[in-house]
Amino acid sequence: MMIADYPAKSTLMEEALKKIKVTRTTQSRVGEVDFNNLVFGKKYADHMLVADFDGKEWHNAQILPFGHISVSPSNAAWHYGQAIFEGIKAYKDQEGNPMIFRPHDNYNRFNISADRMGMPDVPEWLFIGGMSMLIDLDRDWVPSNEGCSFYLRPFMIAADEFIGVRPSDTYRFMIINSPSGPYFNKPIHLLVQDKYIRAFPGGVGYAKAAGNYGGTMQPTMQARKQGYDQILWVDGLEHKYLQECGTMNVFTIIGNTAITPDLTQGTILAGVTRASVMTLLEEMGLTVEERPISIEEVVAAYEAGTLREVFGTGTASSVAYVEKLDYKDKSIRLDTTKYEVGAEVIRRLDAIRTGKVEDVRGWNFQVPAIL
């Protein structure tokens, strides 16, 4: 298939093909993968993309066999935390062709994170074009099993070999790929955490910075020892307004209204799945509100019998039902077998991502067969 068949992508892909060198693996490992028993984030495809920023421009862009990279122990990323990433998924349509779900939204968010962390923008030809080339090369790794996907992890780290507190001059950008099963395979249990705080206004909560996740590890370990899957974080000022979970945005369905925390404080991630679900909920006839919502409001709705559902949304987790939600001496128990809103959201989202229905919003980016 020629690039000319994709006029909207032709310039982008032609630039990527011209600038990105491709070295194919001599022996694929795809035969080692049991696609009927995929777990999340355990297996990696044959190839990866690597590019370097020299302080002025991106160069040395290449796709090469997946493997270890050599990094100096004085690398600035290890010491000062200049590291960002994204999570994106690709699926096969009904004809078996790979499609990336809303990659430009992740591309824009990646560069927002880069700006906040004092890092350079990544150009579109490298992020979108390079990702498309990588998927095209590893298209046999894209699963078609229900509930599975091809998870893409673009990331950037500081590359200066210098110990000193300043922004790095040089950076490395990479993309690795992973055929993955569901992140959660059952309804989840959440602990509302009001002692430790994930983010404050003016901080980096809205950026997909590695440190945002590193700082949550110890409290999450404590929560898991108590039988919870993740923490539902609250705000750092009043310790009562819902923020997000470790890997997800959160939605509550109260009556016929879907409520999700707003983005105005800059403390939570502007999730791509979150935005998609908001659109679908409105199309389903629900009122969608982006606003502060306190844990007390959620508990009150539960006690009044109007709290219908709670679920998380994210690229990795997709839509995850919440079965149990605990806050201090309050405990919310929900029968997820009766979730009608969440079930319909999942059905519609999966139908769009796998090409079962027409993509009227242009969310899917079809990967051209060009390599």
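I began with the largest nonpolar core, which has 60 residues, and Ile20, Trp58, Leu126, Phe127, Ile135, Met156 and Phe173 have the most contacts inside it. Helix H4 (residues 124–137) gives this core its largest share, 9 residues. Apart from it lies another core of 45 residues, including Leu232, Leu280, Leu334 and Leu349.

I noted the terms here. A nonpolar core is a set of buried Ala, Val, Leu, Ile, Met, Phe, Trp, Tyr and Cys residues joined through side-chain atoms within 4.5 Å. Buried means under 20% relative accessible area, exposed over 50%, and partly exposed in between (1.4 Å probe, protein chains only). In soluble globular proteins, nonpolar side chains tend to be buried together.

This is a predicted model, where local features need pLDDT of at least 70, side-chain atom pairs count only at pLDDT 80 or more, and totals for chains, interfaces and linings use all residues. Residues are numbered from 1 along each chain as its sequence is written, and side-chain values use heavy atoms, leaving out hydrogens and water.

Next I looked up tryptophan 58. Not counting residues up to four places away in sequence, tryptophan 58 touches a list of residues, among them Phe53, Pro120, Leu126, Met156 and Phe173. Contact means heavy atoms within 4.5 Å.

Then I went to threonine 315, in the loop between strand S15 (307–314) and strand S16 (318–327). Helices (H or I, at least four residues) and strands (E, at least two) are DSSP runs, numbered from the N terminus. Is threonine 315 buried or exposed? Threonine 315 counts as buried because its relative accessibility is 18%. Beyond four places in sequence, threonine 315 touches Gly87, Ile88, Lys89, Tyr151 and Thr273.

I also checked asparagine 212, in helix H5 (residues 210–214). Asparagine 212 has a relative accessible area of 8%, so it is buried. Leaving aside neighbours within four places, its contacts are Arg198, Val204, Gly205 and Ala207. Asparagine 212 and tyrosine 151 are 61 residues apart in sequence and 20 Å apart in space, C-alpha to C-alpha.

My cysteine check was quick. Cysteine 148 is buried at 12% relative accessibility, and cysteine 245 is buried at 1%. How many disulfides (pairs of cysteine sulfur atoms within 2.5 Å) does the count come to? The count comes to 0 disulfides.

Last, I visited isoleucine 163, in the loop between strand S7 (149–158) and strand S8 (171–180). Isoleucine 163 is exposed because its relative accessible area is 57%.

Methods: Disulfide = S-S within 2.5 Å.
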